[in-house]
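Subject: A structure for you to explore

Hi there,

Here is the structure I promised to pass on. Have a look around it, and then read my notes below.

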Amino acid sequence: MSFSSDLDGLDLLVVPVTAFEQNCAVLWDPASRHAVVVDPGGDVPRVMRELEARDLTLDAILLTHGHLDHAGGGDALRTAASRRQGAMVPVIGPDARDAFLLSGIAAQAAHFGLDGMQDVTVDRYVADNDTLSLLGRTFLVRHVPGHTPGHVIFHDAHARFAFVGDTLFRGSVGRTDFPYGDGPLLIRMVAERLLPLGDDVTILPGHGGITTIGQERRVNPFLR
C-alpha cells in the first residue's frame, strides 16, 4: 500500500514496488511540479502513472545502491520519462563501487524469475559528502557501505529527512550475508554517518515503515 507525507514544503509519495515491496519514493515540489524518484526497483508503468496523474516533471532518478529491487527499473523509468518530457532524465548514484551490481541486474532478475528489470548505466556516480541541488533543496550524500560496497544515503537537512535504502530499518539493519557484505562495517558506518544526522531526522528505509534516528538509537538492538 502506498502512503504520502509532507516534508516541509515538498510532497512525498512512497510506492512499494515489485514482489520485494521496496519503498520507491516520489518527491516533488507542489508549486513547480518538479520531482525526483528514489530507488525505482520496478513496476515502472505504475510509477509513471503516479507522475502523470500529478502532472510532474521528473528531474532526476536517485539510486541508493545497486541491488535489483532498488535499481531494476532505473533504466526503464529514465527511458519512459525522457520520452514523455522530450529531454534526458539523469540517473544519479550510487557510489561507483556498486557498478558491478548495476551491470548484473538482468542476471539477478533471471535468477529470481522476475521480468522487467534491466542493467543500469548511471549518468553520475556520487561519493561521500557530495551535495545534490534538486527541487530547491540541497541533499547531502553519505557513503554507508556494508550492505553493498557503494551504498549511499540522501539527506535533506532542511526537511530533517533522509532516504537511507537498506542501511537502517525500523528495529533492524541491512543484510550483510552476501560475498561482498560486511556486517561490522555497516554497524560502524551507521553509527558514524547516520546517527550524527540527529535524533529528530525521519528516515525512509528501503523496506517497511518510516522511523526516526532517535527511535532507532533508543530501541534498535543492532545499535546497542
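A residue counts as buried when its relative accessible area is under 20%. Keep in mind that this is a predicted model.

Let's start with strand β9, residues 152-156. Five of its five residues are buried, so by that cut-off the strand is mostly covered. Val-152, Phe-154 and Asp-156 point one way from β9, while Ile-153 and His-155 point the other way.

What does β9 pair with? Strand β8 (residues 137-143) runs antiparallel to β9 and is joined to it by five bridges. There, Val-141 stands opposite Phe-154. Strand β10 (residues 161-165) is also antiparallel to β9, with three bridges between them, and Phe-161 in β10 is the bridge partner of Asp-156. β9 and β10 make a hairpin with four residues between them, and Arg-160 in the turn has a positive phi of about 55°.

In soluble globular proteins, nonpolar side chains tend to be buried together. The largest core here has 28 residues, and the members touching the most others are Val-37, Leu-51, Leu-58, Leu-63 and Leu-77. Elements giving two or more residues to this core include β2 (10-17), β3 (22-28) and α3 (74-85). Helix α1 provides the largest share, four residues.

Enjoy exploring!

Technical notes:
Residues numbered from 1 in each chain as written. Predicted model: local features only at pLDDT ≥ 70, side-chain atom pairs only at ≥ 80, totals over all residues. Heavy atoms only, no water. Core = buried A, V, L, I, M, F, W, Y, C linked by side-chain atoms within 4.5 Å. Buried < 20%, exposed > 50% of the residue type's maximum accessible area, 1.4 Å probe, protein only. Pairing = 2+ DSSP bridges.
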